[in-house]
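Please open the structure in your viewer and keep the selection tool at hand. The tour moves from whole chains to single residues, and each stop begins with something to select.

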Amino acid sequence: MTGALELHTEEKRDITLRVFRFNPQVDSKPYFDDYTIQIEKGITVLRSLNYIKEHVDASVSFRAFCQAGICGSCGMRINGISKLACTTQVWDELSKCREAGIIKIEPLRNMPLIKDLIVDMDPLVDKMKHYSNWIETRMPESEIGKKEFLVSEEEFRKYDKATDCILCASCVSECTILRAHKEYVSPAVLLKSYRMNVDTRDAIHDVRLGELVKDHGVWDCTHCYRCQETCVKHIPIMDAIHGIREDAIEVRGARDTSGAKHAEAFMEDIEKKGKLVEATLPIRTNGVAWTLQNLLPMAMKMIMKRRTPPPPPLVKPAKGMKKFRELFREMTEHVKAEQKSHKK
Amino acid sequence: MKRYAYYLSCINESMTKEVDRSIDLWQKDLGLEFVKLHESTCCGGSNLDYVSPKHFALVNGRNIALAEKLGLDLVVSCNTCLMTIRTAKKKLDESPELKQEVNELLKKEGLEYRGTSNVRHLLWVLAEDVGFEAIRQKVKVPLKNYRIAPFYGCHILRPSTVLGKDDPLEPSTLDMMIEALGGTTLPYEHKNRCCGFHTLLVAEEESLNVAAEALEEAIEIKADFIVTPCPLCHTVLDGYQAKALKHANIHSSIPVFHLSEMVGLALGYTEKQLGIKRHIVT
C-alpha cells in the first residue's frame, strides 16, 4: 500500500538510461553506457535522451525531429521493444525494466547500424522502390491537370488505416522473417504495397502483385503478428498482408505459387474431409521432388516414432461430414454470386 | 466436475497424438471433463481466412455452434486453432449480416451461432478455472529438479485484440504454471517469439533460422527442456530440431514437452503413459 502511495505522489526520481553505443569507425565492438539522471513524471524517453545529449554526453547519437509521434524518426528499442522515443513515457517503462530503475535503449533491429541508435534506412527505401510503393496514375497524360480523380468514401476506407504509417520501421525491427532473411520484403513495404494495390487510381496493380508473390515476398510472412502488435499507429498490418494474399489468389489463381497452393489445400481438405490431410501437404505445396529431397530423412525418423500423419485414405472424416459439405458448397455458391455481382 | 467442449485439432489427431492422450489421462484429477467434438472440422489454420473469408466464418461459426449446442465453452489446445476460431468469433460478433448469413446455412444442420460460448486455450482454463493454488496441491511429483524454458508461441498472445489474456510481449501464465508444478522457470528472451511453423513449407530456410535461434537460447541458458502450449511449435522445435540446429551449425539438442505432458508428469504419470517417448528428441 505504502509503495503504491509513494509511487502516486512521487514526482521525480533517479533513473538510469542504459544506452547502446557503437561507433564503427572507433569501436571494435558495441557496449552500453549508463546515464543516471533525475527524471520527472511525465517526461518522455526522447526528452531524457535530449537532456543527456545537452548536459551529460554530447557524443550520444540518435535521430529525432517532430517530438510528437508524427515524423517517425525516433524509432528505437526501449526495454527490448521497438517504439517511438517521443511518445514513450519514462514512467510507463519502469514496470517493464529487467533490472529495477534501468531502462535499456537500443537501436532498431534488422537494419544496418550507422552509429549508436541510428540505423540505415536505405535498404528499406530500396525495397519500397523495388515493390513500386507509389501510385502510378492510370489517367491519360492528356487529362492530367485538367481532371480530378474522385475517390469514394468506401474506396478510401480500404486503405485509410494504411495511410497512417509514418515509416518509423518499428514493424521492420520486430519482424521474425526479416530477422531470418534480410531479403524479405518486410511488413512496412507489404503494408504500403497493399495500400497502393487497392487504390483505384493506380495503374500498376498487376506488376506490383507479380513482384509480391515472388520469393521473399508476401507468402514468406509467418503470421507471428509482431509487426501489428508493435505498430506505433495501431495499424492492422496483418489484414493488409492477408489482403494481398486474398487478392493474389483471386487474380493469379491458387496454383500460382507454393504459398497459394499451400493455402488452397486447407480449403480443399475441409470440403473433402473436414480435416487437414497433412501427409500430402508438402507434396501439394512443393511437388514430389522437393518433398523427397527435403523431408525424407525426417520422415524416416517420424516413422520410427510412429509420428507420421496418416495417408489420405486413413484420415477419418469429421462426423456428420455429408451435411457439412452441403453447407460448405452452398457457401461457395454465395461467394460466386457475390463475385459476379462485384464484376458487374 | 467442470465441463467443456473440446476442439479436435488436426495436428493432435495425426502427428502430436500425445497431446490429447495426456489430457485424457489427467483431466479428472483436476476436476475437468472435456467433451470431444467429433463433428468439428479443421479451423483453416490461419490460411482459410484469406482464401475465403466467408467459408472461414461458416466453418468456425459451426465449430463454436457445436459447443453452444451443449451449452459449454470451447477449449482448444493448439495456439493457431485458438487464434483462428477466436478471430472468426470476433468477426461474427461484430457483423450481424455475416452472422445471419452463416446462421441461415447452419440452420440446415440444426445449429445456430449465438456468440454465447467462449473460446479458450487449455492453459487459460488451467490457470483461471482450476487455479495455480489448486494445481499446486494436486502435484504428486514436483518438477523441482527441472529448469524449464517457457515457449508461448505466437497465437496464444498475438494479435492481442483477439487473444488478450497475457501481455503479448511479456507473458507470464505459462511461467506461473511451471512454478505451480514445482519447476524453475527461466528468463527466456524467445518466450514470446515465433517458432517458424507457418512458413516451413514455403520458406524453409527462414523457418529453420527462426527455430534455431529459439533452440540455441534454450540450450545456452541450460534449460532441461522447453515447454510449449502449442503442438505446432512442438512440431518445429522437436520434429525439425535436428535439421534446424544442423543448419545453424549447433551441435547439441534439447527436449521439448507439451504443456499437457508437463502437467501429467507433475501429476505422477510416466513418460511412457504421456507419450513423451514418441518425441523425436528424447
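A residue is called buried if 20 or more other C-beta atoms lie within 10 Å of its own. With that cut-off in mind, note that the model is a predicted one, and that 37% of the 344 residues of chain A count as buried.

**Stop 1: chain A**

Select chain A, which holds 14 helices and seven strands. Its radius of gyration is 26 Å, well over the 20 Å that the globule rule gives for 344 residues, so chain A is more spread out than a compact globule. Along the principal axes, its C-alpha trace spans about 70 × 70 × 50 Å. Among the contacts in chain A with a separation of 6 or more, 65% join residues 24 or more positions apart.

Next, colour the domains of chain A: domain 1 covers 12-118, domain 2 covers 121-252 and domain 3 covers 273-343. How many Å separate the centres of domain 1 and domain 3 of chain A? Taken over C-alpha atoms, the separation is 49 Å.

**Stop 2: Phe328 of chain A**

Select Phe328(A), which lies in helix H14 (residues 321-343) of chain A. Is Phe328(A) buried or exposed? Phe328(A) is buried, because 22 other C-beta atoms lie within 10 Å, and the cut-off for a buried residue is 20 or more. Leaving aside neighbours within four places in sequence, the contacts of Phe328(A) are Ile270(A) and Glu271(A), together with His55(B) and Leu58(B) of chain B.

**Stop 3: chain B**

Select chain B, in which there are 14 helices and eight strands. Of its 282 residues, 61% count as buried. A compact globule with 282 residues would have a radius of gyration near 19 Å, and chain B, with 19 Å, agrees. The C-alpha atoms of chain B fill a box of roughly 55 × 45 × 30 Å along the principal axes. In chain B, residues 24 or more positions apart account for 80% of the contacts with a separation of 6 or more.

Colour domain 1 (2-122) and domain 2 (132-278) of chain B, as given by the domain assignment. Their C-alpha centres lie 24 Å apart. The contact between these domains takes 27 residues from domain 1 of chain B and 28 residues from domain 2 of chain B. On the domain 1 side, H1, helix H2 (18-26) and helix H5 (79-94) of chain B each supply at least two residues. By class, this side has 11 nonpolar, 10 polar and six charged residues.

**Stop 4: where the chains meet**

Show both chains and select the residues at their contact: 50 residues come from chain B and 57 residues from chain A. On the chain B side, at least two residues each are supplied by helix H1 (10-14), helix H3 (48-51), helix H4 (53-70), helix H6 (96-106) and helix H10 (204-220). Which helix gives the most to this side? H10(B) does, with five residues. The side of chain B that touches chain A has 19 nonpolar, 16 polar and 15 charged residues.

**Stop 5: helix H10 of chain B**

Select H10(B). At 1.5 Å a residue, its 17 residues should span 24 Å, and the end C-alpha atoms are 24 Å apart, which agrees. Among the buried residues of H10(B) are Glu206(B), Leu208(B), Val210(B), Ala211(B) and Leu215(B). The buried residues of H10(B) pack against helix H7 (176-180) of chain A, and also against strand E5 (147-150), strand E7 (225-228), helix H11 (231-239) and helix H12 (241-247) of chain B. After the helix comes Lys222(B), whose phi is positive, near 60 degrees.

**Stop 6**

In soluble globular proteins, nonpolar side chains tend to be buried together. Here the largest nonpolar core has 180 residues, and those with the most contacts inside it are Val218(A), Ala211(B) and Leu237(B). The largest share of this core, eight residues, comes from H4(B).

Finally, select Leu237(B). Not counting residues up to four places away in sequence, Leu237(B) touches several residues, including Phe151(B), Cys195(B), Ile226(B) and Val256(B). The residues that Leu237(B) touches also include Ala211(B), Ala214(B) and Leu215(B), which are among the buried residues of H10(B).

Key
Residues are numbered from 1 along each chain as its sequence is written. Chains are lettered from A and ligands numbered from 1 in the order in which they are written. Two residues are in contact if their C-beta atoms, placed from the backbone, lie within 7 Å. Helices (H or I, at least four residues) and strands (E, at least two) are DSSP runs, numbered from the N terminus. Ala, Val, Leu, Ile, Met, Phe, Trp, Tyr, Cys and Pro count as nonpolar, Asp, Glu, Lys and Arg as charged, and the others, Gly among them, as polar. The radius of gyration is taken over C-alpha atoms; the globule rule is 2.2 Å times the number of residues to the power 0.38. A residue is buried if 20 or more other C-beta atoms lie within 10 Å of its own, exposed if 12 or fewer, and partly exposed in between; C-beta atoms are placed from the backbone. Domain bounds come from an automatic or database domain assignment. The expected span of a helix is 1.5 Å times one less than its number of residues. A nonpolar core is a set of buried Ala, Val, Leu, Ile, Met, Phe, Trp, Tyr and Cys residues joined through C-beta atoms within 7 Å.
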